Amino acid sequence: MSEITREEVQHLAGLARIALTDDEVTSLTTELSAIVDAIATVREIAGDDVPATSHPVPLTNVLRADVVGETLVHEQTFAGAPSHDGERFRVSAILGEEQ
Amino acid sequence: MSGDLTRLAGHELAGLLASGDVSSVEATQAHLDRIAAVDGEIHAFLHVNDGALDAARAIDARRAAGEQLHELAGAPIAIKDVLCTIGMPSTAGSRILEGWIPPYDATVVERVKAAGLVALGKTNMDEFAMGSSTEHSAYGPTRNPWDRERIPGGSGGGSAAAVAAFEAPFALGSDTGGSIRQPAAVTGTVGVKPTYGGVSRYGAIALASSLDQVGPVTRTVLDSALIHDVIGGHDPHDSTSLAREWPSFAAAAREGAASGSLQGVRVGIVKELDAEGIAADVQARFRETVDVLTAAGAEVVEVSCPSFAYSVAAYYLILPAEASSNLARFDSVRFGLRVEGPGQTVEDVMAATREAGFGAEVKRRIILGTYALSAGYYDAYYGSAQKVRTLIQRDFDAAFEQADLLISPAAPTTAFKLGEKLDDPLAMYVNDITTIPANLAGIPGMGLPMGLGDDGMPVGLQILAPMFEDERLYRAGAAIEALLADRWGGILTTKAPELTEAAR
C-alpha cells in the first residue's frame, strides 16, 4: 500500500497552485493511495533494457520558414483576459509582504 | 419534410443538398428544431450556434450562384467543446473557461467551415476530456438517447449523443484514451481515432499532447470517412502533424460497403481484450460478429499482446503527467476565470482560481501528475510508464505481422447507469482497457455498432489498424457495417427508441 500523507497532498497542491479545502485533501489522500497502488504496477515490466517512448510518431527538427507568421493583434489577445490595460495583462502583486 | 431530414445519414443529406433538392437552411433548421425538441432531456449541447442559419444561407447563396462546393457543403455538424471556435464559447466542459470565446478557430474547425459545413453548436464533454461518462462536465451530464438513465460514454458523450439522437448527422470528437470510440460503442454510433498526427491538434484544448487526436463522430462509417477526408492532412500549426499524403477514406468506405467482403483479410483477435472484465452479452455479440467476418471471407487468428495488462496503469501515469503540465496555462492571467481577494498575491489568485474553476476529477489528475513527475518518483513512475509504451508498441508490431486488422469489443460493457461509478475513480479508469493501447501506440482505431446487449443497449466493436493505415479501418468497417445492416434490416441507430419531442 502506497502511503501518501496529507502533508504530501498539501505539498503537491501547492506545487500545482490549487488551494484545496481540508475535505478535498482528505479525500485525495485516500484516493491517491489507491490509484498509485494500481499504477505502480508499471514497474513490474519496465526493465532496464527497454527504451522509453515519449511520442508515438517521433519527428525531429520540425521548423517553419523564418518569416512573419499569422499573429493575433492586441484586441484579440486581450478579448478573453480577466484584466488588462490594452497593452499588458494586469495581475495583482507578484510578491507578498514577507517576500 | 424537415422532420425526415434529421434521420438521413450524413452522406444522404449531403446528396440532397448537392442536387439542390434540399437547402442548407432547411437542413440546418431541421436539426435546430430537433435540438430544441429533445436536447432538454439529452443535454448533448452546451451551446447552440445562433449564427448557424446565417452560415446556411451563405452556402445556399453560393450554390445558387453556381459555385462548385465541397460535397458536404451545407450539411450541419456538431463540434466538441474541446475545439476552439471563433464566435462560440469553448469551455472544454470546465468552469475555468466559462464563456471564453477563442480568438481563433481550431484547424479542424477551419477546415469543416471551409468545406461549407454549418456548425450547429458545441457539444458536452467531461471536463478537459477527463472521464468516460460525461458526468465530469461542469455543466451537468449528457444522457444516453437509448436510455436516459445511462451514460453516453465519455469524454465525448455530447458528440455521440448528438448524432445518436439525430440532432446532428456529423460531429467532431477527440480521443485521448477512447473518448471517441467508447461513446460510439455505448450509443450505437461510429467514431474514429485517426493515426496520431493524421489530424491537426491545433486549437484542440490539450489534455495529453502525446495521446490526443481529433476525429469524426457519425452514424455511419462512410460519414466518418467523409469528415476524416475534410479534417485530415498536414497542418504547419501543429509540430506533431504528419506531412504525408493520405488516400481518400470515403473512397475506401464506399469500396468496402460495395464489396461486403473481407476475403483474404487477416483479422486478429487480441486475446488479452477478449476475456477478463468483458461482460457476457458483449462477448456474445463479439463472437457472433467474428462469425459474420469469417463467413465474409476473413481469416481470423488469435494474437497475444501481453503488455496490454499494464496499459491502463501506464496511461494513468502519462496522461496526468502531461495534463498537469498542459493545464498550468489556466493561471487566471490571460483567459478564463479569475478569483481574487484583497491583499492577495498573483500566486494566491492562481491557487484560488484553480480551486474554484477545476472540478474534482481535474484536480485529482493534476495532483496525480504532479506526484508522478516529482523528483524521486519520476523514474519509477513516469519513466516506467514510457517503457510500457514501448512494450505496447512492440506488441502491436508483432500482432500486425500476423494480422491486417485487430478487433476487440470497443468497451467492456454496455452503458452503465449515471452515478454508478462516479464515486470510484479506479472503476472508471479500468473501463478504458480496450481503447487505451491504441493511444499509447499512436495507431488508428474505429468504434462501430455490433448489436444490442441483454439490456437492449448498444454494444460496440473496435477495429484497430497499423500506424498510417486508417484506410483499412474504413474499408473493413464499411464492409462489416453493411453485413450487419443486412442482418438487422438497417443500421443500429434506426432501432433506437423514439425520444419524446418536447412541445415547441
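Me: Why is Val163(B) called buried?

Reply: Val163(B) belongs to helix 6 (residues 157-164) of chain B, where helices (H or I, at least four residues) and strands (E, at least two) are DSSP runs, numbered from the N terminus. A residue is buried if 20 or more other C-beta atoms, placed from the backbone, lie within 10 Å of its own, exposed if 12 or fewer, and partly exposed in between. Val163(B) has 33 such atoms within 10 Å, and is therefore buried. The model is a predicted one, so local features need pLDDT of at least 70 and side-chain atom pairs count only at pLDDT 80 or more, while totals for chains, interfaces and linings use all residues. Residues are numbered from 1 along each chain as its sequence is written, and chains are lettered from A and ligands numbered from 1 in the order in which they are written.

Me: What does Val163(B) touch, leaving aside its neighbours within four places in sequence?

Reply: Contact requires that the C-beta atoms of two residues, placed from the backbone, lie within 7 Å. On that basis Val163(B) is in contact with Ala168(B), Pro169(B), Ala171(B), Thr189(B), Val217(B), Thr218(B) and Arg219(B).

Me: What makes helix 8 of chain B count as largely enclosed?

Reply: Helix 8 (residues 221-231) of chain B has 11 of its 11 residues buried, so the rest of the structure largely encloses it. Among them are Asp223(B), His228(B) and Asp229(B). Gly233(B), with a positive phi near 105 degrees, follows this helix.

Me: How do you know how helix 8 and helix 17 (470-488) of chain B are oriented to each other?

Reply: Their axes come within 9 Å and cross at roughly 155 degrees. Such axes are lines fitted to C-alpha atoms, for helices over the stretch in contact, and the angles run from 0 to 180 degrees between N-to-C directions. Angles under 35 degrees count as roughly parallel, over 145 as roughly antiparallel, 65 to 115 as roughly perpendicular and the rest as oblique. Helix 8 of chain B is therefore roughly antiparallel to helix 17 of chain B. Val221(B), Leu222(B) and Ala225(B) of helix 8 meet Tyr474(B), Gly477(B), Ala478(B) and Glu481(B) of helix 17. By class, this contact has 5 nonpolar, 1 polar and 1 charged residues; Ala, Val, Leu, Ile, Met, Phe, Trp, Tyr, Cys and Pro count as nonpolar, Asp, Glu, Lys and Arg as charged, and the others, Gly among them, as polar.

Me: Why are helix 1 of chain A and helix 13 of chain B called roughly perpendicular?

Reply: Helix 1 of chain A and helix 13 (residues 360-372) of chain B pack at about 95 degrees, with axes 9 Å apart. The pair is therefore roughly perpendicular. Val9(A), Leu12(A), Ala13(A) and Leu15(A) face Ile367(B), Thr370(B) and Tyr371(B) in this contact, whose residues divide into 6 nonpolar, 1 polar and no charged.

Me: What makes up the side of chain A that touches chain B?

Reply: The interface puts 48 residues of chain A in contact with 56 residues of chain B. Helix 1 (6-15), helix 2 (22-39) and helix 3 (74-78) of chain A each supply at least two residues of that side of chain A, and helix 2 contributes the largest share, 8 residues. That side of chain A divides into 33 nonpolar, 10 polar and 5 charged residues.

Me: Is Arg334(B) buried or exposed, or in between?

Reply: Arg334(B) has 15 C-beta neighbours inside 10 Å, and so counts as partly exposed. Arg334(B) sits in the loop between helix 11 and helix 12 (346-357) of chain B and touches Ala81(A) and Phe89(A), not counting residues up to four places away in sequence.
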